[in-house]
Amino acid sequence: MSSSSAAVNSQSPSLKTYFKTPEGRYKLQYEKTHPAAVLHYSHGKAVSQLTIACLKERPTTQASATPSIPSSGGVRSAAARLLGAGNGSRALSFVGGNGVSRPVSGSSRIGGSAGASTGSGSSQPVANFDDKGTYLIFNSADTLFISDLNSQDKDPIKSIHFSNSNPVCHAFDSEVKGGHDLLIGLHTGDVSLRQQLQDPGRKLVAAHHYNKDGSINNRHRGRVAVAGSRCTCIAWVPEGDGTFVVGHADGNIYVYERNKDGTADCSFPAIKDQTQFAVAHARSPKSNPIARWHIYQGSINSLSFSSDGTCLATVGRDGYLRVFDFAKDQLKFGGRSYYGALLCCAWSSDGKYILTGGEDDLVQVWSTEDRKIVACGEGHNSWVSGVAFDSYWSTPNSEGTGENVVYRFGSVGQDTQLLLWDLAMDEIVVPLRCGPPGGSPTFNSGSPAAHWDSVCVVGSLQPSPSIRDVPKISPLVAHRAHVDPLSELIFTNESVVTISREGHIKIWMRPRHAESNESSSSEAVVPTASVKDRPTTSSIKNSSFSYK
Amino acid sequence: MVMGATGSKLEKALGEQFPEGERYFGLENFGNTCYCNSVLQVLYFCIPFREQLLDYYENNKIVGDAEENLLTCLTDLFSQISSQKKKTGVISPRRFVQRVKKQNELFRSYMHQDAHEFLNFLLNELVDILERESNAANASPEASSSSSSSSSEKVANGPSNPTVNGLRKDPFVTWVHDSFQGILTNETRCLRCETVTARDETFFDLSLDIEQNSSITSCLKNFSSTETLNAEDKFFCDKCCSLQEAQKRMKIKKPPSILVIHLKRFKYIEHLGRNKKLSYRVVFPMELKLMNTVEDPDTEYSLFAVVVHIGTGPNHGHYVSLVKSHNHWLYFDDETVEMIDESTMHKYFGSSQEYSSNTEHGYILFYESLGKSS
């Protein structure tokens, strides 16, 4: 793989192919992109977003709510079909029997995981990479591309072209019932559900098409001449039994059930007050979407579910983070950016914290228990477009107690940088309000200002806090990762994956550890978005990262 | 002078939402006068400024026709727009443009001019005229008509400007100052005796150096970053009575009511021996707060206008302006006025690649203060 890193060097000589952290070096492993023939995003209409899909047999020990697990053979053939259909010559060769006969337990995947985490470990048989079947799904202009995460091949293995509209957001759930798994939100407001990533027996076509030609958005919008408000974000409800939600630019979120026909007549009462939050359930029981959440009158820029699916966080143009009890249709709390729109949000896997990033160049950390902002990260030189907790990272202290003392998270920005942060809640310094001019921070020994102690009221939206009241944190690492502005990052078990607005992907391998890779890979290796990385059993707790 | 070419389309687009009493008029181009038109449109939709000008017009009409100057030409133009019977159309700013050319030889040629230079020239010229009038009024005590009383009147576009203590008397403060003037303080800390020397200066706009893939927030941060004076460039400390190493930084002491940010997109490149246009991607948020202030950092600003430069070089190209009026964004391109969506604003951020087909770049940004954050 030295050749690939050489190619990296020649392409962008000013960019480093690694960055250092206290636990070691992250190395650029692979780059992925789409064919150069694809038009550059024109005026940002199709900012590339990234979804990771893990096609793999599921261990039977994983006591998930999913009742019908497709046979491993079926999954495998689905993967083969998916990959083969695009370009025959690149079809991956699945080693016969390798996966099917393999005992399904956590330890069985050590080989693959360790091989990948060696970074340049070219000794690893290719079959093992394929075996893991982890794919990157990303959009660029009017096309959705699928690349193999663990292959050194730069080009996608498959592409799905949309003739009428640009795909703008997508979501994947490997555990959704029935195997329809990939959701795609379009610029026209349409939503497409595709089964091709998992269901073996079907053709590679859209299984369902919801909100055709943006019809629901039109029906109740009165005379505003917008042909369906564009999709901005999409997500499966974790543990939601095939329920998913779609956020739109007009401030609405629609809730769908994947099994229901999307063509039935569906109507919602007119929105009385555009500025007020209101949930409306569909009049007809046949309707799909089944509910409309009117959040406010501006764009919903991002949404994220807590890993148990009970809480939904949204961020938008008005700069507010809103956290809802999803089942009760209720606002739990909300707070505002320092200024400008919020662009992204993410939950910690334990549901205690939420990250937001936005047009004030700040990364904000919110406590769901205190219902307020607890820290503010300064380090980006432009808007923060992606945030994520690293749920695969844990501190030595976390052993046994199950309590995370330090949280690791990352952020990417339009300044082309990837930043990593450590959030140590007991080291957070609350500035004193009546300090000397310039607000010099006082250390933990001093008593925090009284105004800071208050817990915010349930169901209320808090205004922007004064910048001098919020504890500041600084990044652990700031790395110029790409030449273009970035749009998203995702942590996997072995790597950090970054994507630029124009659809260039870089995979940064985690530092390799001298001591057992076994312990590190004993945790669930499913590299998925943070909403799905709940621990499967209490016994497997990652203990591989230890400061020396 | 009114030509209703583009009117109907915009009126249709706005429909019933056409704001009561508002006028959206394009401005005729007299050969490379887009630098002037783009700035005029922004100033017209800078509501406190427009209201002051129209007040001035009302008050001075009674006095009779005084000598023509840039201020009278501008007030005539503004009142001409605001008193149009039609809601949309095109107006010729001929008299104003002629006056500009008469007054300043820089703008006399048909060459492409710099909109920022023009804005600066215009504001300073208006201040000079008001100052002269005030002096003349003070000399002849019977007339104390317009300019000084105006700041107490209501301002629709934000809170009325708080009068900074002492500023009113000396130096002379006009309503131009009330809208646009802020105060910078240049703090120099001697590294030997730790004494901080502060020197204040006023500004009508902030000129910011820009970097590729950055934000206005980041440019403002750099503007106020600490600079160390050492080696050849030491600081003479009055207390130490000698040249000393020192740290210097610029802070905003009094944030202006209307914050004008000029992006230095035209940069002299030494090895080229000429100015080059920087097409860097510099994102600007719809709302902004100044973190580099001496106190009270939480005043929120809202973007209400952008002067956009279109073109690849500094010596040619075109200017248009984007203006927010009654919560709609409008695109003013000389005679043409169109409605645009706020979500298309990112087209004017610039380009993250050196060579790009997109050459429309935000050049001067206008933010209005929303007062203290709620």
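**Entry 1: ground rules.** Two strands pair if DSSP finds at least two bridges between them. I also noted that helices (H or I, at least four residues) and strands (E, at least two) are DSSP runs, numbered from the N terminus. What I am browsing is a predicted model, in which local features need pLDDT of at least 70, side-chain atom pairs count only at pLDDT 80 or more, and totals for chains, interfaces and linings use all residues. Residues are numbered from 1 along each chain as its sequence is written, while chains are lettered from A and ligands numbered from 1 in the order in which they are written.

**Entry 2: a mixed sheet in chain A.** I looked up β16(A) and found 5 bridges joining it to β17(A) (residues 311-316), with the two strands running antiparallel. Across that pair, Phe305(A) stands opposite Leu312(A). Next I followed the open sheet of 5 strands, in the order β16-β17-β18-β19-β27 of chain A, with mixed pairing. β16 (300-305) and β27 (461-462) of chain A each have a single partner strand, so one side of each is left without a neighbour in the sheet.

**Entry 3: an antiparallel sheet in chain A.** Here I traced 5 strands forming an open sheet, ordered β1-β2-β32-β31-β30 in chain A, with antiparallel pairing. At the edges I found β1 (18-21) and β30 (486-491) of chain A, each pairing on one side only. I checked the pair of β2 (residues 24-32) and β32 (residues 505-509) of chain A, and 5 bridges link them in the antiparallel sense. In this sheet, Leu28(A) faces Trp508(A) of β32(A).

**Entry 4: a helix in chain B.** Is α2(B) buried or exposed? I counted a residue as buried if 20 or more other C-beta atoms lie within 10 Å of its own, with C-beta atoms placed from the backbone. For α2 (residues 34-44) of chain B, 11 of the 11 residues are buried, so the helix is largely enclosed by the rest of the structure. Among them are Cys34(B), Asn37(B), Leu40(B) and Tyr44(B).

**Entry 5: where the chains touch.** Contact means that the C-beta atoms of two residues, placed from the backbone, lie within 7 Å. I found 22 residues of chain B in contact with 22 residues of chain A. On the chain B side, β6 (214-215), α8 (216-223) and β15 (287-289) each supply at least two residues. The largest share, 3 residues, comes from β15(B).

Conventions: A residue is buried if 20 or more other C-beta atoms lie within 10 Å of its own, exposed if 12 or fewer, and partly exposed in between; C-beta atoms are placed from the backbone.
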